[in-house]
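Please brief me on this protein chain. Keep it short, and group the points by topic.

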Amino acid sequence: MTTITWDSWVAINPNTCRKLNIKRNDIVKISSTAGSFEAAVYPMPGLHPNTIEVPRGLGHASGLSKISDDVGVNPLIAFTKEEDHQTGLPKTSGQVITLTATGKRYRLATMQKHNDLANRREIVKRINLEVARKDVRKTLNLDDVPDLYPKLPSATHRWGMAFDLNKCTGCGACMVACAVENNVPQVGREQINLGREMHWIRLDRYFHGDVDNPELPSSQ
C-alpha cells in the first residue's frame with residue numbers, strides 16, 4: 001500500500017495528521033505501558049482516524065543478518081504480553097498508545113513519491129453503467145494500434161506476461177516474478193531516495209476521494 005522500502009513507518013489517517021500538526025517523515029514516539037519506539041509518519045488514506053498501523057518484521061537484533069541489522073523497529077515491544085483468547089496467539093492489535101511528536105525528521109525510502117491522482121483523468125477511466133452494458137462485447141485488436149517500436153521478427157515462441165486489470169488486487173507478485181526471472185538488481189535506501197530503483201514492471205497505487213473512505217485504483 002505504500003511502496004516504502006528499507007524502513008519502518010507509522011501510518012496515520014491524513015486528517016489525524018493535520019489535527020496533530022504532524023507531516024510525512026516527521027518522527028513520532030509511540031508509547032504504551034509495555035514499551036516505546038520511534039518511527040517516521042506516513043499519511044495513509046482509509047485508516048480509522050483513531051488508529052495507527054506499523055509494519056512488523058523489522059527491528060531485528062544486531063548480528064542476525066548483515067542486510068536487516070539496524071533496519072526499522074519492532075512495534076511488538078509496545079504490546080503488553082497478552083494472548084488472544086480465541087487463537088491463543090499473542091495479541092498484536094488494539095493496544096492503547098500515546099503518540100508524541102519528537103521534532104525530528106527522517107526521509108522514508110518510498111518508490112512512489114505521491115499517491116494523489118491530481119485530477120489526471122487518463123489514469124482512471126470512468127464510464128456509466130449504460131455505456132458499459134453497450135460496449136461489454138466490444139473488443140480491441142491490440143496488434144492494430146500505433147506502435148513506437150519496430151515490428152518483431154516472426155518466431156515460434158514469444159515469452160511474456162498478460163494481466164487482467166479487472167482482477168488485479170495490486171499484490172505485486174508480477175513485479176517480484178519479473179525481478180527474479182530477469183535478475184533485476186535491488187538497491188539500498190539511499191538509491192531508492194534518488195529514484196534509482198529498477199523494474200521492468202511497475203505498479204502504482206493512487207487514492208481518490210474522501211481520505212476516510214477512498215477509492216484505490218491502480219495503474220500498471
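Where does Asp-210 lie? Asp-210 is in the loop between strand E8 (204-205) and strand E9 (218-219). Helices (H or I, at least four residues) and strands (E, at least two) are DSSP runs, numbered from the N terminus. The model is predicted: local features need pLDDT of at least 70, side-chain atom pairs count only at pLDDT 80 or more, and totals for chains, interfaces and linings use all residues. Residues are numbered from 1 along each chain as its sequence is written, and side-chain values use heavy atoms, with hydrogens and water left out.

**Asp-210**
- Asp-210 has 45% relative accessibility, so it counts as partly exposed. (Buried means under 20% relative accessible area, exposed over 50%, and partly exposed in between, with a 1.4 Å probe and protein chains only.)
- A polar atom of the Asp-210 side chain lies 3.1 Å from the backbone nitrogen of Asp-212.
- Gly-72 is 138 residues from Asp-210 along the chain, and their C-alpha atoms are separated by 30 Å.

**The sheet**
- Five strands form an open sheet with mixed pairing, in the order E5-E2-E4-E3-E6. (Two strands pair if DSSP finds at least two bridges between them.)
- Strand E5 (52-53) and strand E6 (98-105) stand at the edges. Each has a single partner strand, so one side of each is left without a neighbour in the sheet.
- Strand E2 (residues 9-12) and strand E4 (residues 36-43) run parallel, joined by four bridges.
- Ala-11 stands opposite Tyr-42 in E4.

**The cores**
- The largest nonpolar core has twelve residues, including Val-10, Ile-12, Phe-37 and Val-41. (A nonpolar core is a set of buried Ala, Val, Leu, Ile, Met, Phe, Trp, Tyr and Cys residues joined through side-chain atoms within 4.5 Å.)
- E2, strand E3 (26-31) and E4 each give two or more residues to this core. E4 gives the most, with three residues.
- Apart from this core lies another, of nine residues, among them Trp-9, Ala-11, Tyr-42 and Leu-108.
- Beyond its neighbours within four places in sequence, Val-41 is in contact with residues including Val-10, Cys-17, Lys-23 and Leu-108. (Contact means heavy atoms within 4.5 Å.)

**Helix H3**
- Helix H3 (residues 173-181) has the buried residues Cys-174, Met-175, Cys-178 and Ala-179.
- These residues cover an arc of only 130° around the axis, which puts them on the same side of H3. (The arc is that of the directions from the helix axis to the C-beta atoms.)
- Exposed Val-176, Val-180 and Glu-181 sit on the face of H3 turned away from its buried side.
- Asn-183 follows H3, with a positive phi near 50°.

How values were computed. Polar contact = N/O pair within 3.5 Å; in protein donor to acceptor, adjacent residues only side chain to side chain.
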